[in-house]
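Morning, everyone. Please have a look at it first.

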Amino acid sequence: MTDSHKSHLPKVDPLQEIKDLEAQALEKAQVRWYKRMLSAPVDSERLPLAMKVFGVLCVLGTLFAMYEVVLSILHTVDMFQHGSMSDLGISTVVVTFVWLVDIGLLMCAFAVMGVRILLNQRRFAALVIYGIYVFLLLGAICSLMLFGVSLRLVIYGVLFVLLVAFQIYLDPSLREERELQHKLHDKELKTEQEEGVLGRDLSGKGYMALNFFNLFWLFVIASFLGDVMESIVHVTIVDPGHWQDRAGLLFGPFSPIYGCGAILMTLALNRFYKSNVVLIFFVSAIIGGAFEFFVSLFMQYTFGAVAWNYTGQFLSIDGRTCGWAMGCWGLLGVAWIKLLLPGILWLVNKIPWNWRYWVTIVAACLMAVDCVMSLQALDCWYERLSNDPVNTPIQHFYADHFNNTYMEDRFQSMTVNPGSAVRGGKV
């Protein structure tokens, strides 16, 4: 071939060619992974006739149940539009809709499982059960809120136990895979703890790994420290000698606005932990001020609640935040990123690695219950002050256990004025 012919050939970039080969290899690996997840050797084993009958019942029963669910949703929407549910309160209405939608999704999941059983796709059917677990848990929580302790909870429990046994029967290898992955992950955690890098972002893109474990404990610690800090500032500077409970949740010394603020700052500044202090200060001030503004707006418009008011102060923005408050958020952001995060990760490395799963799961469940009950208690407090009738299980529960006197004593820095809320035609 002559040089003139060679000059007309397209030039090949070796680096691009390598990248293309890597992309193809990755795509093939992903395809193999999906095939392995959705099918398994156990699929070659034929299911007994009884299981096939069960699959048919799942599909037929789901079609009938879905018809009833759609009618119930349409009936509830019609009641809501005509004002029949106006006296129930936002919590009851929201929980009712969530419960109905959850039942619909649960029925869809059962239908998918039934079809996969009929197609003898045991692995796929077993994987669908994971989604059914979630819908059962959500349905049980909604049922407890709406109807209290009833036979419905027993039905949810029985279904859960049967599905666990059914999943093991469909594909026993799923449990073996979970146990193997758990052991490998435990080994990695133990190695990271021995090296003193547990919780760090090993990719080098940020200071810490932004996983659920780290972010949850950052929320808890920041909520606790925020409550302690506000209480000390109030008793020493704002109103010397007079103690005031500054907690923001129904139970425990927690102020969730500081926990959420810490999470936002961590997400925004994790990559910039080595940056200039001035940059961190201004970014933190903007994030904290904006978050404080929207939380104030949400509380007032939803519950008619006001926990702080900066009207008349320097750079006040509708009384919801101000210049010095944003400056405090900026200082807190600098202290959080530069000082507290390293200390928190040092504590994380001191926690026995084999304890972190259950401790975190239990703590997360308790915190979730605390947050949900706090919102519902505020909602019922608002309804009582609005002279709305107390006629639902949720309203009776909070009226008996968390009445107006309790709420006033618990949320001492908060006042509730139903007339300032934008809901139920109050404004």
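Let's start with a check on length. How far apart should the ends of the 30-residue helix α12 be, at 1.5 Å a residue? Helix α12 covers residues 356-385. After α12 comes N387. The phi of N387 is positive, near 65°.

A word on confidence. This is a predicted model. The mean pLDDT of the protein chain is 76. Of its residues, 71% reach 70 or more. Which elements sit at the two ends of the pLDDT range? Helix α1, residues 3-7, has the lowest mean, 51. Helix α14, residues 404-410, has the highest, 90.

Now the packing. Stay with α12 and look at helix α13, residues 393-401. Their axes come within 10 Å and cross at roughly 90°. Angles from 65 to 115 degrees count as roughly perpendicular, so α12 and α13 are roughly perpendicular to each other. Who touches whom? From α12 we have M373, Q376, A377, C380, E383 and R384. From α13 we have I394, Q395, F397, Y398 and A399. By class, that contact has 7 nonpolar, 2 polar and 2 charged residues.

Next, helix α9, residues 256-269. It packs with helix α8, residues 212-238. The axes of α8 and α9 come within 7 Å. They cross at roughly 130°. That angle makes α8 oblique to α9. The crossing of α8 past α9 is right-handed. On the α8 side, the contact residues are L215, L218, F219, A222, S223, G226, M229 and E230. On the α9 side, they are P256, Y258, G259, C260, A262, I263, T266 and L267. Sorted by class, we get 11 nonpolar, 4 polar and 1 charged.

Helix α9 also packs with helix α10, residues 277-303. Here the axes are 10 Å apart, and the angle is about 140°. That makes α9 oblique to α10. Is this crossing left-handed or right-handed? Helix α9 passes α10 in a right-handed crossing. Helix α9 brings I257, C260, G261, L264, M265, A268 and L269. Helix α10 brings I280, V283, S284, I287, G288, F291, E292 and V295. The classes here are 11 nonpolar, 3 polar and 1 charged.

Definitions and conventions
Residues numbered from 1 in each chain as written. Predicted model: local features only at pLDDT ≥ 70, side-chain atom pairs only at ≥ 80, totals over all residues. Heavy atoms only, no water. Axes fitted to C-alpha atoms, helices over the stretch in contact; angles between N-to-C directions. Helix = DSSP H or I, 4+ residues; strand = E, 2+ residues; numbered from the N terminus. Parallel < 35°, antiparallel > 145°, perpendicular 65-115°, else oblique. Left-handed = near helix turned anticlockwise from the far one by under 90°. Contact = heavy atoms within 4.5 Å. Nonpolar A, V, L, I, M, F, W, Y, C, P; charged D, E, K, R; others polar. Expected span 1.5 Å × (residues − 1). pLDDT = per-residue confidence, 0-100.
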